[in-house]
Amino acid sequence: MNKKQTKSMMTKKKIAEAAKHLFIQKGYAATSIENISEATGVSKGNIYYHFDNKEGLFIYVLDEWEKEWMEQWEEQKKQYPSAIEQLHGIAKHFVINDYNHPLTDVADEFFSHEKSNTLVQNQLYKTINTRISYSQNLLSEGIASGEFKSDNALLLAKIFDTLLYGLNNTCRNLNMKETLDLYAKAIDTFLYGIASPETDHHKNS
């Protein structure tokens with residue numbers, strides 16, 4: 001990367017960092033490109049050079065958050081030797097990272113505000129599919145090692161991620177300990193089910 005490219009990347013990072021703080025302070029809808037320009041000293045034209053619009057800028061902020069999330073998890077993952085422990089670890093990381101993260105409420109506002117925006121919906125699907133793909137690989141490893149019985153890893157990954165995101169809405173009024181306990185119970189239920197061993201299992205044909 002040459003000097004010009006380095007300077008351009010630094011400017012982009014500067015814009016994104018300032019925008020993130022403004023989004024957190026003011027909310028998504030109340031933050032304008034003009035606000036970001038004033039906070040950074042970067043002209044609106046230069047901001048639009050790096051980002052097509054405010055939606056694209058916020059999506060970049062979310063992407064950076066997602067990268068940070070994965071980097072932190074990859075570091076924490078080392079303390080969980082088995083696939084079962086990693087499923088519990090991911091759930092715990094999900095809770096701790098999102099529970100008090102200042103971007104969580106702004107992201108909710110963003111996706112609600114821009115729910116008819118195709119670019120935004122595509123970004124949401126991209127993020128979901130990235131996490132599903134990661135979960136699929138983990139579950140596939142667990143199946144290969146014999147920790148999990150043979151099954152469709154992709155379908156299991158979709159169920160697992162839906163479980164995590166669905167619980168996120170259920171836990172809004174719970175404290176951290178209650179939330180962690182609920183997630184731990186949910187992962188155990190995902191792993192072991194609720195039917196007693198004596199129950200006859202009837203599968204739909």
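Leaving aside neighbours within four places in sequence, I90 is in contact with W69, W73, Y134, L138, F160 and L164; contact means heavy atoms within 4.5 Å. The model is predicted, so local features need pLDDT of at least 70 and side-chain atom pairs count only at pLDDT 80 or more, while totals for chains, interfaces and linings use all residues. Residues are numbered from 1 along each chain as its sequence is written, and side-chain values use heavy atoms, with hydrogens and water left out.

I90 also belongs to the largest nonpolar core, which has 26 residues. A nonpolar core is a set of buried Ala, Val, Leu, Ile, Met, Phe, Trp, Tyr and Cys residues joined through side-chain atoms within 4.5 Å. Buried means under 20% relative accessible area, exposed over 50%, and partly exposed in between, with a 1.4 Å probe and protein chains only. W73, L87, I90, L139, L164, Y183 and I187 touch the most other members of this core. Two or more residues come from each of helix 4 (54-76), helix 5 (83-99), helix 7 (118-145), helix 8 (153-170) and helix 9 (176-192). Helices (H or I, at least four residues) are DSSP runs, numbered from the N terminus. Another core lies apart from the largest one. This core has 23 residues, among them Y28, I47, I59 and V120.

Aromatic rings were examined next. A pair of aromatic rings is described by the distance of the centres and the angle of the planes. Rings of Phe, Tyr and Trp (its six-membered ring) pair if their centres lie within 6.5 Å; planes under 30 degrees apart count as stacked, over 60 as edge-to-face and the rest as tilted. The count comes to 11 aromatic pairs. Y28 and F110 form an edge-to-face pair, with 4.8 Å centre to centre and 75 degrees between the planes. This pair links distant parts of the chain, 82 residues apart. Y28 is in the loop between helix 1 (3-26) and helix 2 (33-40), and F110 is in helix 6 (residues 103-113). Y28 counts as buried because its relative accessibility is 1%. F110 is buried too, at 0%. The ring centres of W73 and Y80 are 5.8 Å apart and the planes stand at 25 degrees, so this pair is stacked. W73 is buried at 0% relative accessibility, and Y80 is buried at 15%. One aromatic cluster is formed by F23, Y28, F58, F110 and F111.

Charged side chains also meet rings. A charge sits over a ring if NZ of Lys or CZ of Arg is within 6 Å of the ring centre and within 35 degrees of the ring normal. K54 lies over the face of Y28, at 4.3 Å from the ring centre. The charged end of R131 sits over the ring of W69, 4.1 Å from its centre.

R131 and W69 also line the largest cavity, together with M70, I90, F94, Y134, S135, D161, L164 and Y165. Helix 4, helix 5, helix 7 and helix 8 each give two or more residues to the lining.

Two further residues complete the account. Q121 is found in helix 7. Its relative accessible area is 18%, so Q121 is buried. Not counting residues up to four places away in sequence, Q121 touches E114 and K115. Y49 is in helix 3 (residues 44-50). Y49 counts as exposed, at 62% relative accessibility.

Technical notes: On a 1 Å grid over the protein atoms alone, a cavity is a set of points where a 1.4 Å probe fits but cannot get out, and a pocket is an open set with protein on both sides within 12 Å along at least five of seven lines; lining residues have an atom within 4 Å of a point.
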